[in-house]
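Here are my notes for you, as numbered points. Please keep the model open beside you while you read.

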Amino acid sequence: MAIYLSLGPSGAGKDTLLLAGRALLEGNGDVAFIQRHLTRNAASVTDLEISVTSDAFAAGLAANTYALHWEAHGTQYGVPSAELSAALGQGRRCVLNVSRTQVPVVQEKFGDRYEVYVLHITASFATLRTRLLSRGRESSEDVEKRLARAMRDTPRGPHVITILNEATVDEGATRVARALAGTLKYSLWLLPAGPVAAWARIVISGLAAETNMAPFPPHVTLCPSFEATQREAVAKARTVAEGLAPETTLELESIVDSTAYFRAIVVTINVSGAVVAATRTARERIFPEGDRRRDAPFEPHLSLLYGSHEAADRAALVGAVGRWPEEPCPVGAVALVCTTGESYACWQTVETIPLPSP
């Protein structure tokens with residue numbers, strides 16, 4: 001059982017994705033969207049809300065009807081206790097559309113009995129600014145102040161599931177639905193450190209700019225991806241990181257290209273004892289015995305460019321990359337990354353875990 005607290009700044013499209021995600025989950029009895037009450041005209045509420053009069057809301061408060069309640073910009077909001085208690089009693093995952101002020105309240109009231117997540121639906125600073133300015137409801141100065149508050153109050157931590165609403169509504173809704181169902185896809189990345197990592201960041205940024213693609217962090221995928229709740233994924237990632245050798249290093253071999261979208265240009269990694277031991281540890285700690293992913297092929301590589309590119313263009317880019325620093329490439333940490341969806345610019349790092357000290 002879990003409680004998901006849906007938050008998001010203005011312009012993020014939170015209600016759009018919640019409603020679309022709810023439609024994808026229709027017929028899934030494990031997830032319950034608890035309609036909040038609010039003192040706003042019925043013509044301006046969504047299907048996630050119920051309009052009530054100020055007198056009715058006050059009566060509800062007096063009768064202790066609301067498990068949560070708050071006020072914002074002259075509007076009163078409340079989450080009805082009866083509906084929430086009934087859904088939790090049935091073992092359902094409950095979705096609450098709340099203010100950020102209610103996060104510590106929910107953690108205090110329910111955190112000892114249920115998993116409590118923040119479902120943070122947001123977008124990049126630039127996207128939020130464009131959306132808010134296009135509405136024409138506020139001056140540019142007020143928009144900047146609103147964005148500054150949103151960035152300052154961004155929730156962080158392994159309990160936060162971030163949905164970056166920068167792709168299509170369908171893809172965003174799928175991420176929301178899978179988050180609420182506890183079936184998001186996660187990957188474990190080895191993060192290189194030192195001069196090779198600095199070189200890779202520069203190359204990745206340059207290639208991304210040259211091909212009009214989005215950059216990404218330098219990494220080596222450690223093992224096949226897996227589906228889990230975020231709490232389960234974090235626990236697995238920490239267990240894997242604890243089991244890795246402190247002095248795991250990567251031995252770079254050659255720069256090659258391919259037609260595979262996520263391997264357009266890569267640096268191949270020597271399948272050395274340290275890397276083999278690392279992937280074996282990860283697979284044994286994530287996948288149960290008999291799971292075929294334990295024995296899936298392992299072709300370690302450091303990606304430099306994603307996307308579909310013509311063969312001649314890839315060859316030219318490979319020729320322009322140059323040689324990496326001839327120095328050891330230690331692994332500094334393991335990253336747990338939510339890799340649900342094809343729009344990799346929307347992937348989110350959940351937690352970065354340093355390797356154990358020698």
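1. Start with what the buried residues of α4 pack against: β1 (2–7), β5 (66–72), α3 (81–89) and β8 (115–122). Contact here means heavy atoms within 4.5 Å. The residues in question in α4 (residues 103–110) are V103, V106 and F110. Buried means under 20% relative accessible area, exposed over 50%, and partly exposed in between (1.4 Å probe, protein chains only). Looking down the axis of α4, you will find its buried residues within an arc of 65°, so they line one face of the helix. That arc is taken from the directions from the helix axis to the C-beta atoms. The background is simple: an α-helix has 3.6 residues a turn, so residues three or four places apart point the same way.

2. A word on what you are looking at. This is a predicted model, where local features need pLDDT of at least 70 and side-chain atom pairs count only at pLDDT 80 or more, while totals for chains, interfaces and linings use all residues. Residues are numbered from 1 along each chain as its sequence is written, and side-chain values use heavy atoms, with hydrogens and water left out. Helices (H or I, at least four residues) and strands (E, at least two) are DSSP runs, numbered from the N terminus.

3. Now the sheet. It is open, and its five strands come in the order β2-β7-β1-β8-β9 with parallel pairing. Two strands pair if DSSP finds at least two bridges between them. At the edges stand β2 (31–34) and β9, each with a single partner strand, so one side of each is left without a neighbour in the sheet. From one strand to the next the twist averages 25°. The helix α4 packs on this sheet, touching β1 and β8, and its direction makes about 175° with that of β1. For such angles, axes are lines fitted to C-alpha atoms (for helices over the stretch in contact), and angles run from 0 to 180 degrees between N-to-C directions.

4. How many of the residues of β8 are buried? Eight of its eight are. On one side sit E115, Y117, L119 and I121, and on the other V116, V118, H120 and T122. In a regular strand the side chains alternate between the two faces of the sheet. β8 pairs with β1 over six parallel bridges, with L5 partnered by V118. Five bridges join β8 to β9 (residues 160–164), again parallel, and there H120 has T162 as its bridge partner.

5. Next, the aromatic rings. Rings of Phe, Tyr and Trp (its six-membered ring) pair if their centres lie within 6.5 Å; planes under 30 degrees apart count as stacked, over 60 as edge-to-face and the rest as tilted. The count comes to 16 aromatic pairs. One of them, W199 with W324, is edge-to-face, at 6.3 Å centre to centre and 70° between the planes. W199 is in helix α8 (residues 194–211) and W324 in the loop between α11 (311–321) and β17 (329–338), 125 residues apart. W324 counts as buried at 6% relative accessibility.

6. Finally, compare F216 and Y306. Their ring centres are 4.0 Å apart and their planes at 15°, so the pair is stacked. F216 is buried at 9% relative accessibility, and Y306 is buried at 3%. Both belong to a cluster of ring pairs that also includes W189, Y261, F262, Y344 and W347.
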